[in-house]
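Hi,

Here is the structure I promised to pass on to you. Have a look at it first, and my notes follow below.

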Amino acid sequence: MRFYDWRLKDEAFMAEALELAARARGRVSPNPMVGAVLVKGGGVVGRGWHHRFGGPHAEVEAIAAAGRRAAGTTLYVTMEPCCFHGKTPACTNAVQSAGIKRVVAATLDPNPRVNGRGMRFLRESGIKTSVGLLAKEARRLNEGYFTSLRRRRPFVILKVAATLDGMVADSKGRSKWITGPQARALGHELRLCADAIVVGVKTVIADDPLLTCRVKPPKQLTRVVLDSALATPPGCRLLKEPGPVLVFTASRNAVRAERLWAKGVEVLRVGQEDDGLLKWADVLAELHRRQLQTVLIEGGATVASSALEAGIVDKVYVFQSPKILGPGRSFSHGLAARGLSQAIELKSVDHRCLGPDFLTEGYVHRAH
């Protein structure tokens with residue numbers, strides 16, 4: 001007699017749904033990435049994922065792919081089906097109408113309009129339900145979405161390119177190029193995952209970056225400059241590229257502000273800390289209001305260290321090149337002195353080699 005571990009089969013189908021969901025990385029915000037697999041008699045009869053914001057949801061895609069074979073199936077979906085009519089009809093109605101007999105969801109949807117109501121509707125319709133399979137993986141896939149809804153602020157990623165001795169620029173502020181092509185290519189993949197990219201005005205002046213995402217097909221990011229004194233040059237390259245640009249400032253200089261407004265820039269006044277730097281809480285509150293769920297901080301040294309000191313960084317990518325620079329600009333120069341027991345620590349750490357460079361990736365550990 002043969003025995004089957006149905007838990008392992010369930011995990012395999014959910015893992016496939018997660019892989020499908022990830023195909024839409026960077027393309028569906030402010031919606032979550034969702035994948036769905038329909039299974040009947042041990043075999044997949046329909047697959048789907050949410051391709052773009054405003055498009056059909058994963059469950060609807062999978063049901064359409066299965067056609068009449070959807071009746072009597074088990075649906076594996078990476079997030080609870082929605083139960084309200086937004087840009088598209090409620091997925092719970094589509095699941096019920098298709099005759100699906102069982103729904104396995106990785107997580108509940110933290111959206112207050114759903115958050116368990118979708119699964120309750122399905123149970124009350126006579127459909128068997130379960131939640132929690134590969135939940136950690138599903139939440140990590142949509143960490144921006146979960147952070148935005150649960151913490152009322154964006155998920156913040158800090159990306160740093162540094163030498164072995166921690167320098168992000170030489171003594172004259174030059175940083176092109178510390179790392180090699182493979183590391184820089186992964187940096188653009190990180191931009192694909194983000195809704196907004198943040199730099200300080202010193203980076204704009206020193207490097208004159210475009211701050212664009214060059215992954216194909218191209219994606220338009222909201223580009224953010226932190227500029228206390230409104231020193232952003234009206235002729236800089238990032239203002240010549242299409243797409244929204246936000247400049248946060250504490251300055252009341254109307255002439256400088258008007259020059260930037262004339263270039264299509266939104267100039268936003270926020271509070272200032274005692275050291276003259278802008279208040280991160282004000283900046284993140286405005287980005288959250290605009291439904292920008294994942295924010296990528298790219299530099300430079302002052303912005304990176306102030307973000308770490310403010311405790312707003314959730315995840316860190318440190319690309320290290322095999323170079324020793326000596327005196328320069330360290331990304332930790334603005335941090336307060338700490339003993340080893342108070343050091344900022346990363347958890348769930350991963351290490352990778354990217355050609356000659358080395359990547360350390362991890363989540364900022366918070367005791368609370």
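Pro30 sits in the loop that runs between α1 (6-22) and β1 (35-40). The peptide bond that joins Ser29 to Pro30 is cis, with omega at about 10°. Please keep in mind that this is a predicted model, so every value here is computed from predicted coordinates.

Asn115 is not a glycine, yet its phi is positive, about 40°. You will find Asn115 in the loop between β4 (102-105) and α4 (117-124). Leu230 is likewise a residue other than glycine with a positive phi, in this case near 55°. Its place is the loop between β9 (222-226) and β10 (245-249).

Are these two residues buried or exposed? Asn115 has a relative accessible area of 43%, so it counts as partly exposed. Leu230 has a relative accessibility of 4% and counts as buried, because the cut-off for buried is under 20%.

Next, Arg117, which belongs to helix α4. With 43% relative accessibility, Arg117 is partly exposed. Which residues does Arg117 touch, leaving aside its neighbours within four places in sequence? They are Glu80, Cys83 and Pro112. With Pro112 there is a polar approach to look at: a polar atom of the Arg117 side chain lies 2.6 Å from the backbone oxygen of Pro112.

Now for the chain as a whole. Its secondary structure comes to 11 helices and 16 strands. The radius of gyration is 23 Å, close to the 21 Å that the globule rule gives for 368 residues, so the chain is as compact as a globular protein of that length. The C-alpha trace spans about 70 × 45 × 40 Å along its principal axes.

Of the 368 residues, 51% count as buried. Taking contacts between residues at least 6 apart in sequence, 69% join residues at least 24 apart.

As for the surface, the chain exposes about 18100 Å², and carbon and sulfur atoms supply 52% of that area. The chain carries 54 positive and 34 negative charges, and the mean positions of the two sets are 4 Å apart.

Definitions and conventions
Residues numbered from 1 in each chain as written. Predicted model: local features only at pLDDT ≥ 70, side-chain atom pairs only at ≥ 80, totals over all residues. Heavy atoms only, no water. Helix = DSSP H or I, 4+ residues; strand = E, 2+ residues; numbered from the N terminus. Buried < 20%, exposed > 50% of the residue type's maximum accessible area, 1.4 Å probe, protein only. Contact = heavy atoms within 4.5 Å. Polar contact = N/O pair within 3.5 Å; in protein donor to acceptor, adjacent residues only side chain to side chain. Rg over C-alpha atoms; globule rule 2.2 N^0.38 Å. Areas by Shrake-Rupley, 256 points an atom, 1.4 Å probe, with all protein chains shown as cover. Lys, Arg positive; Asp, Glu negative; His and termini not counted. Charge placed at Lys NZ, Arg CZ, Asp CG, Glu CD.
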